[in-house]
There are 2 protein chains.
Amino acid sequence: MPVFKEYASSSRDLRVLPSFAPPLPRLTSPFSPGEKCEEEKYEVIIVGAGPAGLIHSLLLSRYGISDESLLCIDSKPSTLKSGQADGIQPRTLEVFKTLGISDEIEKEACHMWQFAFWNPSADTKKIIERTAMVPDVLTPARFPYEATIHQGRIERIMETDLSRYSKRGVLRNTKLLDVKIDESDAEFPVLMTIATDGIEKVLRAKHLVGADGAHSVVRQCIGLQLEGESLDHIWGVVDMVADTNFPDIRRRCAIHSPAGSVMVIPRERIATGEYLTRLYVHCPQAVVPEDDQGGEDRVKSDDARQRREQLTLEGILKQAADAFQPYFIRPKEGSVDWWAAYQIGQRISPEFIVRDSKGAARVFIVGDADIDFYILACHTHSPKAGQGMNVSMMDSYNLSWKLAYHINGLTPSTNENPSPLLDTYRTERREIAQQLIDFDRKFSSMFSGKVGATETLTQEEFQKAFTLGNGFTSGCGVEYPENMIVVRDDSDCHTSPVTGTDYQSGILRPGRRLLNVRVLRYADGWQRDIHDDIPSTGRFRILCLTSTDLLDKEGISVRGLDAIARISAQFPPTLIEHIVLHPCLHQSFQWEDIPTFVKQEAEMRFYDGSALDNAYKVYGVNPTQGALAVIRPDGYVGILARLDNTASLDDYLKRCIRPAA
Amino acid sequence: MPVFKEYASSSRDLRVLPSFAPPLPRLTSPFSPGEKCEEEKYEVIIVGAGPAGLIHSLLLSRYGISDESLLCIDSKPSTLKSGQADGIQPRTLEVFKTLGISDEIEKEACHMWQFAFWNPSADTKKIIERTAMVPDVLTPARFPYEATIHQGRIERIMETDLSRYSKRGVLRNTKLLDVKIDESDAEFPVLMTIATDGIEKVLRAKHLVGADGAHSVVRQCIGLQLEGESLDHIWGVVDMVADTNFPDIRRRCAIHSPAGSVMVIPRERIATGEYLTRLYVHCPQAVVPEDDQGGEDRVKSDDARQRREQLTLEGILKQAADAFQPYFIRPKEGSVDWWAAYQIGQRISPEFIVRDSKGAARVFIVGDADIDFYILACHTHSPKAGQGMNVSMMDSYNLSWKLAYHINGLTPSTNENPSPLLDTYRTERREIAQQLIDFDRKFSSMFSGKVGATETLTQEEFQKAFTLGNGFTSGCGVEYPENMIVVRDDSDCHTSPVTGTDYQSGILRPGRRLLNVRVLRYADGWQRDIHDDIPSTGRFRILCLTSTDLLDKEGISVRGLDAIARISAQFPPTLIEHIVLHPCLHQSFQWEDIPTFVKQEAEMRFYDGSALDNAYKVYGVNPTQGALAVIRPDGYVGILARLDNTASLDDYLKRCIRPAA
C-alpha cells in the first residue's frame, strides 16, 4: 500500500499509552502546600499501603488528587511478601474491573466455582463422603466465582496502576509515630509525626485515612479500641502443592470428619506448572492465647505460650492427614511455601470517623473490622470467609469518592454540618460490619456454636444459611441503610417504579449495587456489559430505562428524558453521565425519532435492554412504565424515580452535588 | 485474625509478578557467542520492529531464546508514532490472547460488530439508503468482532511484554546496510552490516528474519522483488472526530453513493472522551503514480506529481462530504489527527526463504505480502481489509516456533534436508498469500472490476462473496495446504474420525486452527475456553476426545489413552501436553474410574465436552467413536486419528519432534 502523502498530529503520538481516567473537576481553589509554616501540608494522608490503603490512593489519584495533595505512607519496605489474604470476592472483582485492573487476576488467579461438603459417612468403611456440591457463588454477579491469588500480587497490581497516576507512589519505610487533632491550624487540623528511615518529620493534613490494619497506630493514637470477642478455636493454615488422592482437591471443600475439620481452598498455578492448595486445619489440641485486644502483650501465661509453641507444621499436617482419611494428603517435597497458626474472632472499631470541634470528619478508619465468620467456622468449618481484605477495600471504595467530592468542593456543606457526605461513610460501612456480625451471631447461637455441630442442621437449614451467607461472602449482598444518599420510599408502593423484592437477583434497590446486565448498543451493535459504563471515575450516572412509548413525542419517556436533561444541566459539566435503555419496541427507529438529548449525552451509552439479557425484568421495571435510577460513583443505586416524577431525583442530586454557580 | 506463628518460603516472594511462559527445552549445546572472530554472532537476527518483527522477537524470547542468542534491530528511534494499520482481526486477537496480551485491546480498542452497506436509493430525494446490515465477523471465532486501535499502541503492548523476557529489547536507531550468505563460516552463514547511530558493525547469524516491510532492505539485498500489480485507484484516508448526522457513523460502512465511495471505520475512544472515525475516501480525480516496484524513484512525471500534490485534506473531506449527501459530515474542530493518500494493489514476494548451499533455510521474509483486497475495494468499496498487519504477524506466528524447534534441536533434520520443519513456513504462508490474491482476482474479474459496479451483483451474490471473504478477513478461514505437518487423509473417508465439511464452523480439519469451545473442567467445575489450554508456549498438544465407552476398561477410549501415553513418552519432557474431553456419559464417575494417565497428565485439562458448548458436535466427532487430534504450537490442527488407529499420529510426531535419546 504505497502511501505518498501523510500528515499526523502530535496528540496522536500520546495514544500509544493506556488510557487515563479523567480527573474530577475542582471547584475549590487549587491546593498549594505553602511555605510559611514548618510542617509539610497535604490534603489527605493515607497511613498503610495494604489493599485498603493502596486502593484508596489509587482512587484518589485517579480522581485527580495529585502527589502535592496526597501522601500515602507505609512502614514496610515493599509490597507484601508473605501474608494470608487469599480470596477475592465477586464484588471486589467487579470493582477491580471498573478500574481496569482485573485482567491479571481473571487470567492467573484460581477461580473457585464449586464448594463441596464432606461429612462423616454412615458407611464406616468410607469414613467420610461428599454430601453436597454447590456453586461457590450463588448470588448473581458479573464474575460467578471467587478468585484466589497471593495478596502481595494484588498489592503489586494496584501499585503498578498507581504509578501511572502518582510519581511518588507509596512513601515506604515510613512509620506513623503520633497523630492528633490540633486546631491551631483550622484548615489542616490533623497533626502527625512520622519517621522515614528513622528520620522524624511533622506533617499536617486536612484528612487522615487510617488503613493500617488490626494493630492500627492511627486507631491507638485516636484512642479507639477494637471491640469484640475471640473464639477459642485455633486453626493452622498451610499453602502447598498437595500430593493426594482426595477427589475434590481442586474444589473449595469443607471437610468435617470424625478426626477433625479441614477447609480446602484451591489456589493459583505457580511457576513449576503445579497448583497450590491451601488447607485450613482446626487444631483442637492447641491452646488459645488470652485476650489480645491490644495486640501487644497477648501472651499472658508461660504455659499457654509453651503449648502454642508446640503447634508445628508437622502437627498441622498430621491433623489434616487424619481428617482426610481414608484419602492420603501430604505436601509434594519442598512445596510448603507458607504456614501459620491463628485464632478466629470478630472485632470491630466502635467508631469509623473522628471529627474536629466543628463536627467536620477529619480522620477515617478503613479496613478495621476484623471479622471471621462464626457461622462459617462452626457450620461449614470455614475458619475464615475471606472477609478481611475485601471488606477493607470496599471501605476505601465507599469513602474515596466522598472524600474527593469534599476536597474538590463538589458537594454541599453547611455550618451545621460541614461534611454531610463524608458522614455517610460511617453510616454505611459500620452498618455493614455490624450486619455481618449480627448475621453471624444469630446463626452461631441458633446452633450449638461448636465445631462439628453440623449434625444438628438439616440439609435444608444448612442450605438456607449458606445461601443467605453467600450474599455477604460474595460481597454482592451488601445493602446500605437509608441515609442522605440512599433514599428508599417503601411507604408508598404505588410510587415505586419497580416491582419485586429479590434484590439479590437484581431488582433495583437503593443501597445495593447495580447488577451487571448484558445490553446491545444501538450505535454499533456492540454487545456490552452495563458495568463497563460505570467505571470508577467518580461520576454519578442517571440510568434511564425508557418505556415502550419512547417514540411517542408526548409520552412519558420523552418527558422523563426532558426532565433529566433539565436536572443534570444544573450541575458542573461531566459530573453526571447518562445511560439510556429502551425496552423491546417492535419497530425499528432512527436517531431522529428519539429526543436529541439521547444522542447528545448518551450516543455510546444507549442500549436495547431486551436483546441480550432482559434488563427490565432483571431490574424489576415494567417496560410500559420505565424508571429512573441514580447510580452513585461507587456503583450503588442511590434513588429510584418514575419517569413522570423526577422531583425527588432532583432533590437527591442537589444534596450530593453542589449545583454549578 | 491474630496470627501467632508464621513461616514463608523465599520462592513465595516471587509470586507477586505476572507469570512467565516456560521456556522450551534445548537439546543442542548452549549457544555461546564466542570471542574468536571479529564479528558478533547471534543465532537469530530480526530486522524490523513493526508488528511482525515484534511478535517474532516476543515469541522467540518466550521460547527461551536469550538476548545473547537473539537480536532485533529497527531503524526507528521508538515504536510507531504515526501509521495506518488499524484493524486487528479475530484470529489475531485469538493469538494475542494465547500470549496474554489481548486485555488492553479488548478493553480499549473499538470493537466493530456490524457492517452496514449504503447504496444509491431509488428514491432520489434520499440519494442513498442502507441496503444491508450484517455482522462484521461471520466466521465463528472467540472474538466475534474486529478491533481497531492505533498501530503504535499495538506495538507498545508487544514491546512492553517483550521487556519482561528480554533485557535489551529492540536495538533502535539501527539500520541494516547489507546482508548476504557467506559460508566461510558455515554455522553462521548470514553476514550482515548494520549501523547504529551511524556506527557500522559486521554481524553473523545462523538465521535472519526480514520483517522490514514493503521497502525491505533484506529483500533487496537478497535480490527479491515484490511482484504484482497496482490498481489505478487512489484513496484518501482521514482519522478524525466526526461531526455528522449520518446514522451509522459508529458502524463499519461501505457507502457507495452517486458522488463516490467512502468506507467508514469506527475507531477507539480518545482522551477527550470522544470517539475517532476513520474515513477511506475514493479520490477518482487523483492521478496514480507510475509503477513503484522499487519504492525509490516512483515519481516519473512532473505532471503526475503535480496533480498528486493537489490531493489535500480539504479535497478528501469535500469528496467525503459529497458522498455522504444528504447527510453532513465534517471533522470536529482541530480533531483531524492523521491523514494520508495511497494507492491500492497486490504485491507479493516470489520467495519467502533463502537457503545456503546445503539447502538449509537461512533467511526468511515475513510480512511481505502487500495485499489490498480488490474484491473489497471494488465491491464493498473497502480500499483495504486490514490484511497487511495481520497477515504479517501471522507469518511470524507460523515461523517462530519452527525456528525455535530448529535452533534448540527439537526437530529432526537429515543431510538431504537440513531444515524440513523450516521449509513448511514457505509452503504454508506463501500459499495463504496466493489464496488471498486468487480469491480476490477471481471475484474482481467476475465482476466489472470498477469501483461502483455493485449494481451488477445481486444481493445474494454479494452476500456469498462477502461470507467467503470473511474467512480471509477474519483470519479464521485460513487453511494450510498439505505438507509434512498438515496431514489430511481425504482418500478414505472411512478412516476419518470426523464427519462434516463445514470447517469454518469448527469441524476438525488439519491445516485449520482449532476453534475455541467452552468446556467444563472436571477437577473444579471451572467454565473454561479450550483456547486457554493452548497458550503460545511452543508445545504440541494431543487433544483426545474420548468416546462414550470411557468407563469401560477394555474400551477404545482406554486403549486410545494408553496409546497416546506410550507415544508421548518417546519425546522430551514437557514438549507434548494433553487435553482430554469426555462426551455426555449419563453417569457420574471418579478419578479412579478412568485411566490414571488422565489425572497424571491432564488433571487440569480434562473436561466435559457436552456441558457448555457441544464440543463433539462443533468438532464433528461422533461421541461413540471419539477422535484424536494433534494441535501444533500455533494452534493449527496437524493430523487427526481414530482412537484405535494411532500409528499415523506416532509418525506425525516423530517427523515434528526428535524423540528423546
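Reader: Let's start with cysteines. How far is the sulfur of C253(A) from the closest cysteine sulfur?
Author: It is 12 Å away, in C110(A), so that is too far for a bond. A disulfide here needs a pair of cysteine sulfur atoms within 2.5 Å. This is a predicted model, where local features need pLDDT of at least 70 and side-chain atom pairs need pLDDT 80 or more, while totals for chains, interfaces and linings use all residues. Side-chain values use heavy atoms, without hydrogens or water, residues are numbered from 1 along each chain as its sequence is written, and chains are lettered from A and ligands numbered from 1 in the order written.

Reader: What is a disulfide, anyway?
Author: A covalent bond between the sulfur atoms of two cysteines.

Reader: And how many disulfides are there over all chains?
Author: The count is 0. Take C584(B): the nearest cysteine sulfur belongs to C544(B), 17 Å away.

Reader: Is C253(A) buried or exposed?
Author: C253(A) is buried, at 0% relative accessibility. Buried means under 20% relative accessible area, exposed means over 50%, and partly exposed is in between, with a 1.4 Å probe and protein chains only. C584(B) is partly exposed, at 37%.

Reader: How much of chain A counts as buried?
Author: 63% of its 661 residues.

Reader: What secondary structure does chain A have?
Author: 15 helices and 29 strands. Those are DSSP runs, numbered from the N terminus: helices are H or I with at least four residues, strands are E with at least two.

Reader: New topic. How do α1 and α4 of chain B pack?
Author: Helix α1(B) covers residues 51-62 and helix α4(B) covers 151-165. Their angle is about 20°, with the axes 9 Å apart. So α1(B) is roughly parallel to α4(B). Angles under 35 degrees count as roughly parallel, over 145 as roughly antiparallel, 65 to 115 as roughly perpendicular, and the rest as oblique. Axes are lines fitted to C-alpha atoms, for helices over the stretch in contact, and angles run from 0 to 180 degrees between N-to-C directions.

Reader: Which residues make the contact?
Author: From α1(B), they include L54(B), I55(B) and L58(B). From α4(B), they include M158(B), L162(B) and Y165(B). Contact means heavy atoms within 4.5 Å.

Reader: How do the contact residues of α1(B) with α4(B) divide?
Author: Into 7 nonpolar, 3 polar and 5 charged. Ala, Val, Leu, Ile, Met, Phe, Trp, Tyr, Cys and Pro count as nonpolar, Asp, Glu, Lys and Arg as charged, and the others, Gly among them, as polar.

Reader: Now the backbone. Which residues does a cis peptide bond join in chain A?
Author: Q325(A) and P326(A), with omega about 10°. P326(A) sits in the loop between α7 (313-324) and β18 (329-331) of chain A.

Reader: And in chain B, what is the peptide bond from Q325(B) to P326(B)?
Author: That bond is cis, with omega near 10°.

Reader: What about phi of N173(A)?
Author: Phi is positive, about 55°, although N173(A) is not a glycine. N173(A) lies in the loop between β9 (170-171) and β10 (174-181) of chain A. N173(A) is partly exposed, at 32%.

Reader: Last one. What is W113(B) in contact with?
Author: Leaving aside neighbours within four places in sequence, W113(B) has partners in both chains, among them D524(A), W526(A), V134(B) and Y145(B). W113(B) and V134(B) are 21 residues apart in sequence, and 8.6 Å apart C-alpha to C-alpha. W113(B) is buried, with a relative accessible area of 13%.
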